[in-house]
Amino acid sequence: MMENNQNIEKPHKLETMLVLQGGGSLGAYECGVFSVLHKNNIKFDMVIGTSIGAVNASIIAGTKNQDNVSERLEEFWDELSESITPEFLPENMRTYQSVLNSMLFGSTNVVKPYFGFPNPWMLAGSKPFLYDNTPLKNTLKKYVNFDFLNKENGLRLLVTAVNIQTGKPIVFDSDKTKIDIDHIMSSTGYPFYGINWTKKDGMYLWDGSLMSNTPFREAVNASPKKDKIVYLVSLFPKSHDILPQNMEESWHRARDIIYSDKTDHNIMMSKVFSRYLTLLKEMYVILGKAKLDENSKQKFQNLKPEYAKLVAKRGAIIKDMIKIERTEDSHFFLEDADFSKKTIRQLVHDGKNDAVKALAIHHKKLV
């Protein structure tokens with residue numbers, strides 16, 4: 001009887017995946033994190049991102065010379081940054097100035113105002129979007145080799161968006177879809193900042209962060225047969241000891257909570273599920289070897305398909321989770337729209353430092 005169960009009892013394959021959140025200019029932090037992961041020769045089987053995380057993920061998966069992928073990602077962020085805002089300004093003033101410039105005039109390589117108005121917010125009551133993200137699209141085209149991305153390059157790309165009309169999450173998967181630039185851009189239309197939607201495959205699509213800013217569950221659902229080692233970059237601090245002192249700080253803290261990583265419950269449930277699966281497998285082996293009467297044998301045979309579906313088809317568990325989490329001291333609500341060159345460089349630097357610390361802590365746990 002056990003010979004027929006060999007395929008069911010085979011251990012799951014193991015894959016390593018990188019999960020990238022959305023967060024506008026804060027995506028530069030993900031660039032710094034990836035640089036350290038790459039230098040530590042951590043190889044990924046899957047990279048999934050939403051919003052700016054999808055943009056970063058597409059460069060990671062679509063750089064033909066993988067030896068230089070982290071350098072290319074840093075070049076992209078250097079090109080995305082703007083030099084109009086003076087670097088000598090204090091941090092808070094620099095951020096305010098950069099965001100004000102973006103609101104009034106757009107950002108050269110990110111967005112531009114529709115309709116040619118210097119202040120597009122004058123039209124906020126009459127138009128469904130205020131900014132055109134074609135500049136970002138044109139910049140990204142220079143950094144992603146879509147022919148390479150869509151070949152069997154060993155790195156699977158997933159990008160998330162949301163269907164405006166149905167409210168349903170959409171996942172574009174390079175294993176199932178020939179990914180192009182519009183698939184990536186469909187994940188970047190953030191309505192709260194007035195950025196335009198994308199029409200793709202007959203759907204009108206907005207930023208995937210509206211449904212889930214940490215597309216961890218989407219990645220697991222897309223690959224349910226393989227156990228996971230997960231590297232997750234969290235851009236929005238989950239905890240902050242100091243209470244807000246004014247409305248701007250309240251909005252900032254609420255925004256952080258909304259978009260922060262909420263995968264702790266998923267990880268806990270994965271551990272519980274893992275234990276259940278272990279018990280099921282042990283019981284299945286015992287029953288397979290036991291001498292059963294004909295009635296019990298038939299019941300056991302009837303259970304096989306359901307067992308196979310649970311264990312073999314959707315039995316993947318999270319073997320390990322390494323989180324690299326950004327922290328912050330300021331409470332500026334729109335810091336994710338600050339593309340000033342000094343801020344972008346600082347975010348890259350912070351990402352590198354935090355990644356080094358996270359890997360060191362993880363290695364200590366393994367010893």
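Biologist: Leaving aside neighbours within four places in sequence, which residues is I229 in contact with?
Modeller: This is a predicted model. In it, I229 is found in strand β9, residues 227-234. Neighbours within four places in sequence are left aside, and the contacts of I229 are then L14, E15, T16, M17, K319, D320 and I322.

Biologist: Is I229 buried, partly exposed or exposed?
Modeller: Buried means under 20% relative accessible area, and exposed means over 50%. I229 has 22% relative accessibility, so the residue counts as partly exposed.

Biologist: How far apart in space are I229 and D45, C-alpha to C-alpha?
Modeller: In sequence, I229 and D45 are 184 residues apart. In space, their C-alpha to C-alpha distance is 10.0 Å.

Biologist: At what angle do α2 and α3 pack?
Modeller: Two packed helices are described by the angle and the distance between their axes. For α2 (residues 27-39) and α3, the axes are 9 Å apart. The crossing is right-handed. The packing angle is about 35 degrees.

Biologist: How do the residues of the contact of α2 with α3 divide by class?
Modeller: From α2, the contact takes G27, E30 and F34. From α3, I52, G53, N56 and I60 take part. By class, they divide into 3 nonpolar, 3 polar and 1 charged.

Biologist: Which residues lining the largest pocket are the closest to its centre?
Modeller: The largest pocket has a volume of about 690 Å³. Its lining holds 35 residues. The closest to the centre are G24, Y190, Y193, I195 and D336.

Biologist: Which element gives the largest share of the lining of the largest pocket?
Modeller: Elements that each supply at least two lining residues are α3 (52-61), α5 (91-105) and α10 (247-259). By class, the lining has 22 nonpolar, 10 polar and 3 charged residues. The largest share is 4 residues, and it comes from α10.

Biologist: How much space lies in the largest cavity?
Modeller: Rolling a probe the size of a water molecule over the atoms shows where empty space is left. The structure holds 1 cavity of 30 Å³ or more. The space in the largest cavity is about 40 Å³.

Biologist: Which element gives the largest share of the lining of the largest cavity?
Modeller: The lining is made of T160, A161, P169, I170, V171, G208, M211, S212 and E218. Two or more of these residues come from β5 (156-163), and likewise from β6 (169-173). By class, the lining has 5 nonpolar, 3 polar and 1 charged residues. The largest share, 3 residues, comes from β6.

Notes
Residues are numbered from 1 along each chain as its sequence is written. This is a predicted model: local features need pLDDT of at least 70, side-chain atom pairs count only at pLDDT 80 or more; totals for chains, interfaces and linings use all residues. Side-chain values use heavy atoms; hydrogens and water are left out. On a 1 Å grid over the protein atoms alone, a cavity is a set of points where a 1.4 Å probe fits but cannot get out, and a pocket is an open set with protein on both sides within 12 Å along at least five of seven lines; lining residues have an atom within 4 Å of a point. Grid points are joined across faces, edges and corners, and a volume is the space filled by probe spheres set on the points. Ala, Val, Leu, Ile, Met, Phe, Trp, Tyr, Cys and Pro count as nonpolar, Asp, Glu, Lys and Arg as charged, and the others, Gly among them, as polar. Axes are lines fitted to C-alpha atoms, for helices over the stretch in contact, and angles run from 0 to 180 degrees between N-to-C directions. A crossing is left-handed if the near helix is turned anticlockwise from the far one by less than a right angle, and right-handed if clockwise. Contact means heavy atoms within 4.5 Å. Buried means under 20% relative accessible area, exposed over 50%, partly exposed in between (1.4 Å probe, protein chains only).
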